[in-house]
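The sequence and the model come first.

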Amino acid sequence: MSRLTNSGQLWLYRSKPQDDELLSSWLVRLASGLAIKLQTFCTQILGLHSGYWTGDIDRHPSLLALSRLSEGTAVPLDRVKATSLGALEGRLWERYQSGGPMEWLTPLGSLGRRRAMHGQQYCRQCLESDAQPYFRRRWRLAFNVACERHGAFLEDACPHCHGPVEFHTGDFGRRLLDFDCPITRCGACNADFRQWRSSADRKAPSDLLIFQSSLNEALQQGHHSRLPGAESYSHLFFMGLRHLVRNVCSRGRFSRVREWLLSRQGLLNFEFEEQPRWQKFEALRVGDRALILDLVSQLIQDWPHAFVRACQESKVSSSYILSYGAELPFWLSSEIDWHLYDRDYAPTPAERAAVERYLLNHGLAVSRNSINRWLGVASVSKLLHAPARRDRWNPRGAKRTRDHN
Ligand SMILES: [Zn+2]
Ligand SMILES: [Zn+2]
């Protein structure tokens, strides 16, 4: 063991992280290659505490462990850090939080060292064709529901026991280690994730694959010329997209938009089970997320025309989409304000102040009524008030009886 624990010494087996490999996947492969148990590797060589695997290690990597990995494998520390989910800061979110739920990250629902939720996804065909099978970081992102390489939906359960995917528990409770890396075997039932079943490799619709591919391009480049709001910073697009996702999942007024989109495809509306609001979407199974993403992609198309049409046809105005306390990027809020605002015109205090200055400068009478008259919004009589109203495209409440005398 000393050859491994000496600081600054290269390990005999030092496989590099593969393209887009998750930290946890790399750790499992390294431990297997060094012919030691994963738990021993993490505690005695990387210096991690014994409860390390009870958390989501791809979300909260230890800096000390990352530098030990860098020293032992001769992989630059920046590349080592890039295996964690937090490395997407600045592209997927403006700021990453190592604690608590994060938008777009699928939860694992840790239950001791085991998993209670289906947040770990994989592509069966990718694992099958890999020379050294490994789990990709993008399989932990909620908007990835299919494999762009194989055109099939991702799997989010063991093909045999249908439990959550656990690729890190293959050597738990075993006295002897297998020669092969256990990463493709379910830690609960020992079935191989690569085994084919009749329900496997379901083809994903091409439109959905194209949309998902553009999201991954934005994430990789940090910007995207064809996605609204992503011209400079991709995280602004993802922020707005997540707001649309939340609305499409909602049980409130915006569910009318979901109903309208589904009805165009001859499908009935449905309701989601009550789940914590913050990660309703991320906690869904892959098939449900695929359906939501497909609906949202229809709203993003030809931005903002399809979105505006869907909202207006469904009678959903801005007040139902804008929520208090939720910060929205300009690319989304500006279109909501411009196209979906359905209130009578109400001047801002700055507009009132500007009119007051104008009247004073020109020696005209300044009063509440005179300012209102200049702004054309109200007057002392209902007769003058009425013309200031505009036709409402989405009237609410009892019908006005404007014409009664
Ligand atoms: Zn694949
Ligand atoms: Zn299983």
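Arg137 is buried in this predicted model, with a relative accessible area of 14%. Its salt-bridge partner is Asp20, which also counts as buried, at 15% relative accessibility. Shared partners join Asp20, Arg137 and Arg138 into one network of salt bridges.

The count of salt bridges comes to 13. Three of them, including the pair above, are listed here.

| Salt bridge | N to O distance |
|---|---|
| Asp20 and Arg137 | 3.5 Å |
| Glu282 and Arg242 | 2.9 Å |
| Arg309 and Glu313 | 3.9 Å |

Glu282 lies in the loop between helix H9 (255-264) and helix H10 (286-300), and Arg242 in helix H8 (residues 234-249), so this bridge ties together parts 40 residues apart in sequence. Glu282 is buried at 1% relative accessibility, and Arg242 is buried at 5%. Arg309 and Glu313 are four residues apart in helix H11 (residues 305-313), about one helical turn. Arg309 is partly exposed at 44%, as is Glu313 at 46%.

The zinc ion (ligand 1) is coordinated by Cys123 (SG), Cys126 (SG), Cys147 (SG) and His150 (ND1) at 2.1 to 2.3 Å. Its site is tetrahedral, with angles of 106 to 114 degrees among the four donor atoms. Along the chain the donors follow the spacing C-x2-C-x20-C-x2-H. Cys126 and His150 are both buried.

Notes
Residues numbered from 1 in each chain as written. Chains lettered and ligands numbered in written order. Predicted model: local features only at pLDDT ≥ 70, side-chain atom pairs only at ≥ 80, totals over all residues. Heavy atoms only, no water. Donors = N, O, S within 2.8 Å, 3.2 Å for Na, K, Ca; no water. Tetrahedral: all angles 85-135°; square planar, octahedral: opposite > 155°, others 65-115°. Buried < 20%, exposed > 50% of the residue type's maximum accessible area, 1.4 Å probe, protein only. Salt bridge = Lys/Arg side-chain N within 4 Å of Asp/Glu carboxyl O. Helix = DSSP H or I, 4+ residues; strand = E, 2+ residues; numbered from the N terminus.
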